[in-house]
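Subject: Structure for you, with notes

Dear colleague,

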Amino acid sequence: MKQLFSIFFCLIIFYSLDLKSQEPVHYHLTEKDNLPDIEFYQMIEDKQGFIWLAANKGLFRYDGEKFLNFNHPKKRALSVFNLQLDNDGNIWCNNISGQFFFVKNQKLNLFIDLETETNGQLSDFIIDKKNIIANTNKGIYSINLINKEKKRVLKKFKNGLRSFYKKKDTLFFIKDYKLGYTTDYKNTFIKVDISKYKHLNFTHFNIFPYKENLLILLKNTEDKNIKKKGLFIKNKKIIETDFFKHGLQTDFINVKEIDNKLWALTNSGIKIYNRKEKFILENSYLKKNTISDVLKDSNNNFWVSTLENGIFIIPNLHVTKYKELVHNETINALEKIDSKNILYGSNKGKIGVFNLKNQNNKLLKTYKNKKIISTSQNKKDIFLALKEISLIYNKEKNSFNEVNYFKHAKDIFTIGEDKIVSSLSASARILDLKNNQHKALRFKRAYTNYYNKEKKEIYVGYIDGLKKYDDNLKETDIFFNKKPIFAIDIEETENGIIWVSTFKDGIIGIKKNNQLISFTTKNGLISNQTNKIKADKNLLWISSDKGLQVLNTINNNFKTLTNKDGITSFIIFDILAFENEIILSSNDGLFKIDKKKAFKKHFIRDFYFTKILINDKKAEIKEEYNLSYNYNKLQFNFNTNGFLSEENLTYLYKLETESNSKQKWSLVNKKSKEVTFNNLAPGNYIFKIKSRIFNDKVETTEKEIKIFIQNPFYKKVWFLTIITLLILSLLLIFFYYKINQFRKKQKAALEKEKILRQLATTKLESLQSQMNPHFTFNALNSIQNLILKGNKEKAYNYLTKFSNLIRENLQLSQQNFIHFHKEIEVTTKYLELEKLRFRDNFSFTISYDKSIESIEIPTMIIQPFIENAINHGLLHKIDGKRKLELIFTKKDTLECIIIDNGIGIIASKKINQQNSRKQSFSTKSIEEKLNFLKEYYKMDIGFYYPKVKKGTKLILNIPYRENG
């Protein structure tokens, strides 16, 4: 594709020093650009915009990108000729062997073989609605297009049938030096007698239509001394033309009427004539080539075929290139001297004057390798900034004065006759020529400047933005949308608008009231990266990296020229505006553009699909696809026919789904003409695509292709139904089995639970019965101590309280759980008994939240720990008052904290060891009970002794249940 693309940009311009020494820009296609041949005979464009080429190597079709060869296995000769279109749009051609072909369904088909009739001579033919009319050595034959019935309608003439032409139903021909015509192939009438030229023994007679009349050209190829004749037939009268008196001294090959002008195709180029009273030669192009055919296509491109040098394409007759002014150099700067002459400067230091009318080029000065960077002028002088020097050229004296004022200036602009503002690499300056004084406006790199005479304002584009200076050189920043303006060129149109070309923000206009306006790709520009601009009255010419545009600053309308219109380079150095044309210099030379005629009317040609790939394999192109789930990679290739047809064209596409029918349009990559979708999921899709002229609202009708990708078999309804039923059946069996198992386990669990509860009740009751006598033993021991000490009254009170406590214990001994408040009540009575035991040397406190009163807890859990605190901690305390504190907190369990100020755990253990005591029965019993409760409730139930400095602290977690 890259090689084909290079076709369009391989530009070869031929020059000569005769007529005007300029030619329209043209592209030259040869074999090195993948052109399949260099010898072509005829061209034709079909209804779809394909260009067909009859060549020495066969029949070819060009789609704007590549050439496709059409061949037939029975074809006896390689070359084809006489391209024609029938009423159905099919292409026809024939060869020297007498074979007639037509193209249908993308194939070359053999229609008929007239080998015996043509006898090895090429036969001209014409196609009408029903027949082919073929001019052969044996006469004119009519062949029916449907049944191929062949009949001779005109016999062979005495001197042979030299030429014929069909207009509507009338066939014109030359018979024995007489112009005849027929409508029914039976009666022949002599229309114009040209026998007076018989003595010249012309060997070739050619009939051409021209402005509703006929033009007959006669020539003798055997005797070059016999002059050619041109006969113009008007109202049955012969008018001998002056056709050959104006440049057509070489042999002509063909004649065509294009745009009401006569194009003579000769072995020394194209000669274009305009006939009013006489034939007037207007232009002559491609003089070094033998021209065989010219075709003006539907986009106003001129295709020129040659017999030895390939194909030339002229996109625009009104964009012309001047002869080379300086060899192997580019014209960097231009200044308009008058309506005919311009001064130019090159990149290697050449300065000259060029006359646009007579093409005279006069070299004035050469400053070797000193690039002319910028120019400006006043009435008498032209100022030139070069790479290392600066010059003043006096237009009247034609002399140069070398100065050192504004060398290296990127831009210079004259203020009146005496001052120059210059933009330099480190500053912008004003030079007073009279006083030879410089004044720096600002020390920053500057690119461009402009002086507004009406307001006496200077505009300078710096590296950091655009500045304005008033008559007193007061500086003002100019912003657009609160951002700096990075200027590259500044111009002013007649309506007083200052226009600024920017690096990346398009064109910005500053109106007289300082109001700013902007043009970007959103409102007409083809690129925001603009370059050189030129004011032309109220028109503004704008160069950019994508072409040349002109803005009408009154109505804000744009016109555009690109590669498609003959602009071969977008690197434009300078622009000059004249009355009827624009002169511009670029890295490709010096060009002239006709301001009125250069803008062609482009229409958007419909595109088509070239191929569709499914899983990387070529598929039939159709509007709907029903694909298996594993055929889910699709690629769509498309094309728009015509030379550079896609230069200003963009493609947009989207893939709609059932769930997203409002998908946004996406742009196809400019370098690609394909869209690929990988791994599409099963579902319904609609692929939509359209093309649009760049920066324009004109677009083609959408094309759409429906795509249905099936679900895999394991996602189809029948498969899912079977699987669902199978799963349901298995689930039913599974659940039936599980329910039976669950019922069996539940029954066994209930039985086990029942046994465990019974065991738990029995064990708790057993432990309870063991703990009650222990408590009684401790209480009686306390009474005994009181009696031995002789304290009968206290022993009596103690015994009374003890009996009450025993009674309550007996009542509670049959219960596994008791109310908390009852437990506290019993515990309080027990502690009061202990207080009597210790007299006044013992105190206790019990604290808890009222919300705890309603819960129930296991019986006889807390009291044994209280007993341990008293008997092992407080009992052995010698000094100080004995204290006991109970704190209850409701959490996941009931937390009971028992704190005493006794001797502590370590001292208690030593005493127990000295007394050789075993672990108390109450402690062992309570541990068993707590372990049982922990296993039963699956909770953190138990007790531990956190470290404290004095006494003992025990934290006990016991289960509880809410009452009611």
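Glu 117 is buried, with a relative accessible area of 7% (buried means under 20% relative accessible area, exposed over 50%, and partly exposed in between, with a 1.4 Å probe and protein chains only). Lys 150, at 38% relative accessibility, counts as partly exposed.

Before going further, please note that this is a predicted model, in which local features need pLDDT of at least 70 and side-chain atom pairs count only at pLDDT 80 or more, while totals for chains, interfaces and linings use all residues. Residues are numbered from 1 along each chain as its sequence is written, and side-chain values use heavy atoms, with hydrogens and water left out.

By the salt-bridge rule the count comes to 32. Among them is the pair of Asp 113 and Arg 76, with the closest N and O atoms 2.5 Å apart; this pair too links distant parts of the chain, with Asp 113 in strand E10 (residues 107-113) and Arg 76 in the loop between strand E6 (67-70) and strand E7 (81-85), 37 residues apart. Asp 113 is partly exposed at 31% relative accessible area, and Arg 76 is partly exposed at 39%. Arg 76, Asp 113 and Glu 115 are linked in a network of salt bridges.

A further salt bridge joins the side chains of Asp 418 and Lys 434 (3.6 Å, N to O). Asp 418 is partly exposed, at 29% relative accessibility, whereas Lys 434 is exposed, with a relative accessible area of 66%.

Two buried residues in strands may also interest you. Asp 489, placed in strand E48 (residues 487-492), has a relative accessible area of 5% and is buried. A polar atom of the Asp 489 side chain lies 3.0 Å from the backbone nitrogen of Ile 533. Not counting residues up to four places away in sequence, Asp 489 touches Thr 448, Trp 499, Val 500, Ser 501, Asn 531, Lys 532 and Ile 533, contact meaning heavy atoms within 4.5 Å. Thr 320, in strand E30 (residues 319-322), is buried as well, with a relative accessible area of 7%, and its contacts beyond four places in sequence include Gln 22, Pro 24, Leu 590 and Phe 591.

Finally, a helix pair. The axes of helix H5 (residues 820-837) and helix H6 (residues 863-874) come within 11 Å and cross at roughly 20°, the axes being lines fitted to C-alpha atoms over the stretch in contact, with angles running from 0 to 180 degrees between N-to-C directions. H5 and H6 are therefore roughly parallel to each other, as angles under 35 degrees count as roughly parallel, over 145 as roughly antiparallel, 65 to 115 as roughly perpendicular and the rest as oblique. Residues making the contact include Val 826, Tyr 830 and Leu 831 of H5 and Ile 866 and Ile 870 of H6.

How values were computed
Helices (H or I, at least four residues) and strands (E, at least two) are DSSP runs, numbered from the N terminus. A polar contact is a pair of N or O atoms within 3.5 Å; within protein, one must be able to donate a hydrogen and the other to accept it, and residues adjacent in sequence count only if both atoms are side-chain atoms. A salt bridge is a side-chain nitrogen of Lys or Arg within 4 Å of a carboxyl oxygen of Asp or Glu.
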